[in-house]
Amino acid sequence: MLELGPFLSSMIQGGRSWAVSHGVPPIGAQIAIMSMEVGITILLVSLVPMVLVYAERKVSAFMQARLGPMEVGPFGILQTLADGIKLMFKEDVIPEGADRWVHIFAPIIACGPAFVCFAPLPFGKGLTLVDLDTSILFIFAVSGLSTIGIMMGGWGSGNKFSMLGGIRAAAQLVSYEIPRVLSVVPLLMFYGTQSLKGIALAQQARIWGFFPKWFIFYFPIGPIAFIIFLICSVAETNRTPFDIAEAESELVAGFHTEFSGLKFALFFLAEYAYVFLASAMAAALFLGGGDGFGIIPTWISFLMKTFAMSFTFLWFRWTFPRMRVDQLMSFCWKFLLPLALINILLTGAWILFRS
Amino acid sequence: MRLYHFLALSGILFSIGIYGVLSRRNILGILMSIELMFNAANINLVAFNQFLYPGNVWGQGFVVFVITLAAAEAVVGLSLVLAIYRNIKSVYTENMNILHG
Amino acid sequence: MIESLVFYFLAFLVIGFAVVVVTSRNIFHSALALTAALSVVAGIFALLGADFLAASQVLVYVGGIMIIMLFVVMLSQQPTDAIRSQSNPQWPFALLFAIAIAAELVQKYRTFFGAVEARPGILPTSAPIGRLLLTEMVIPFEAVSLVLLAALVGAVVFAQDRQESRLP
């Protein structure tokens with residue numbers, strides 16, 4: 001078995017006992033190990049968006065019968081790296097009418113929470129960095145902080161297009177946060193825990209010995225919850241068809257019109273980190289987490305599911321047209337929210353009849 | 001770390017909120033100060049719960065209600081601010097005197 | 001020891017941000033400072049072992065209330081706001097009053113609770129809170145849901161733009 005978790009933990013244990021036997025104080029070794037784990041997670045978070053940006057360009061190219069990036073490296077795999085280096089060396093412009101500190105801190109606040117949200121994700125057996133008791137609530141809460149960064153970008157740029165983008169982003173993100181949280185409530189009721197790891201583990205059982213007990217297969221509550229979660233996650237990441245906050249044809253680029261260089265790169269990083277986060281949450285909540293039918297190692301299975309979900313996100317972006325603002329709002333408040341509430345009711349009835 | 005430290009923090013936060021309510025001209029500033037005062041009360045409730053009655057969660061249950069009511073208050077207050085702004089094009093308290101006899 | 005250091009750091013941050021909230025001339029900066037202060041209060045909840053409350057504080061306050069507040073700030077700004085004073089003429093009395101209340105509160109707290117020193121244990125709190133809300137606190141819980149519904153309807157009624165009010 002190619003399980004990464006037990007291997008890593010045995011290596012970490014071995015390293016710690018080696019360090020302690022060579023005179024390092026135990027608390028120092030503990031701190032070193034924790035910072036190593038955090039460092040690995042942060043590295044992953046910064047690496048994943050690069051993969052996703054490349055995937056997005058390739059997927060969009062294939063959907064439009066093009067080739068996409070082909071110049072840098074074999075099949076253009078180094079294109080994102082080249083773009084990143086280019087963005088790093090660009091001149092950093094702060095507009096004259098800008099609110100200086102707000103403008104500087106906006107990308108940091110938009111991007112920072114994305115890194116924190118990866119801590120409670122169950123990447124596989126023994127690969128959860130922090131197993132919080134309230135990890136689902138934690139992820140929703142912390143990822144909501146990014147909205148503040150987007151609004152700061154909209155306000156701090158001193159540009160009317162940015163401002164409009166910020167206002168639209170606020171209205172959209174606050175509205176879609178509600179059905180997104182409500183769509184997960186059936187899972188909390190069903191499994192009786194708020195821990196992402198606990199929910200992922202509870203789905204690894206089998207019906208009749210072979211059929212996986214993933215939540216998405218509990219008809220009708222599973223598919224409804226999954227669809228609401230998917231739609232709201234697309235809206236939360238500001239991607240087409242819900243990208244009114246950065247609609248190119250209406251608002252130049254919305255809230256990040258005035259950002260250049262590394263600050264723009266941070267907004268970009270945040271968007272793709274959230275795509276990955278939403279995919280990973282969908283995989284853990286609805287698709288059985290690291291359930292690999294006992295053949296595939298859990299971490300490979302989890303990553304496969306996550307990247308399949310990410311592909312769905314990219315697919316959405318390149319196939320649907322943008323919605324209008326009023327359509328977007330009425331879709332959220334008049335369709336998704338009642339549907340989520342009805343789903344909670346159905347789940348309650350299901351649990352009542354099951355017991 | 002004693003109970004008294006948390007209570008002192010909440011008292012100072014509360015008085016800062018009072019200062020904001022009394023001295024701000026902007027209604028939005030007043031609403032923000034009220035949020036500060038709510039949070040001072042929340043710190044107080046949680047601290048009393050954890051220090052004096054560890055093992056039950058009544059204080060934390062109250063904080064859930066306070067947070068909920070703060071959300072309701074903020075929503076109604078902010079929609080009132082928007083309605084006022086639409087009518088008199090100002091968010092300053094001294095301009096809201098159209099009921100002067 | 002480490003907990004005390006963390007507490008003093010968080011307390012310093014909360015009070016600093018709160019002072020910015022009530023004194024800043026730019027209302028948008030006030031709102032951002034309030035956001036930061038509320039996040040740090042969530043940190044204090046976590047320090048006290050209330051993990052569910054810390055998460056819901058960030059979720060409701062930062063993810064909901066503060067975004068709506070920033071939204072309203074963005075909608076109700078005028079260019080002259082930046083050069084006008086943001087505090088009214090009675091601010092010295094307000095300051096005196098606030099300092100008096102702070103001193104009184106701190107002194108009374110010190111007299112009555114100065115000796116209480118219990119170790120707050122870190123336990124999972126979400127399940128007990130849920131059980132409490134649906135058994136002993138169920139009537140307030142339902143009442144609060146009614147209040148929320150009333151607030152929702154009220155906000156829609158207040159904020160909607162009546163067409164006839166635009167007519168000259």
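How many helices and strands does chain C have? Chain C has six helices and zero strands, where helices (H or I, at least four residues) and strands (E, at least two) are DSSP runs numbered from the N terminus. Along the sequence, the pattern of chain C reads α-α-α-α-α-α.

This is a predicted model, in which local features need pLDDT of at least 70 and side-chain atom pairs count only at pLDDT 80 or more, while totals for chains, interfaces and linings use all residues. Residues are numbered from 1 along each chain as its sequence is written, and chains are lettered from A and ligands numbered from 1 in the order in which they are written.

Of the 168 residues in chain C, 36% count as buried; a residue is buried if 20 or more other C-beta atoms, placed from the backbone, lie within 10 Å of its own. Two residues are in contact if their C-beta atoms, placed from the backbone, lie within 7 Å. Among contacts in chain C between residues at least 6 apart in sequence, 55% join residues at least 24 apart.

Chain C also touches chain B, with 71 residues of chain C in contact with 60 residues of chain B. Helices H1 (2-23), H2 (27-47), H3 (51-75), H4 (91-113), H5 (126-134) and H6 (138-159) of chain C each supply at least two residues of that side of chain C. H4(C) gives the most, with twelve residues. The residues on this side divide into 53 nonpolar, 15 polar and three charged. Here Ala, Val, Leu, Ile, Met, Phe, Trp, Tyr, Cys and Pro count as nonpolar, Asp, Glu, Lys and Arg as charged, and the others, Gly among them, as polar.

The contact between chains A and C takes 22 residues from chain A and 20 residues from chain C. H5(A) gives the most to the side of chain A that touches chain C, with twelve residues.

Note on methods: Buried ≥ 20, exposed ≤ 12 C-beta atoms within 10 Å, placed from the backbone.
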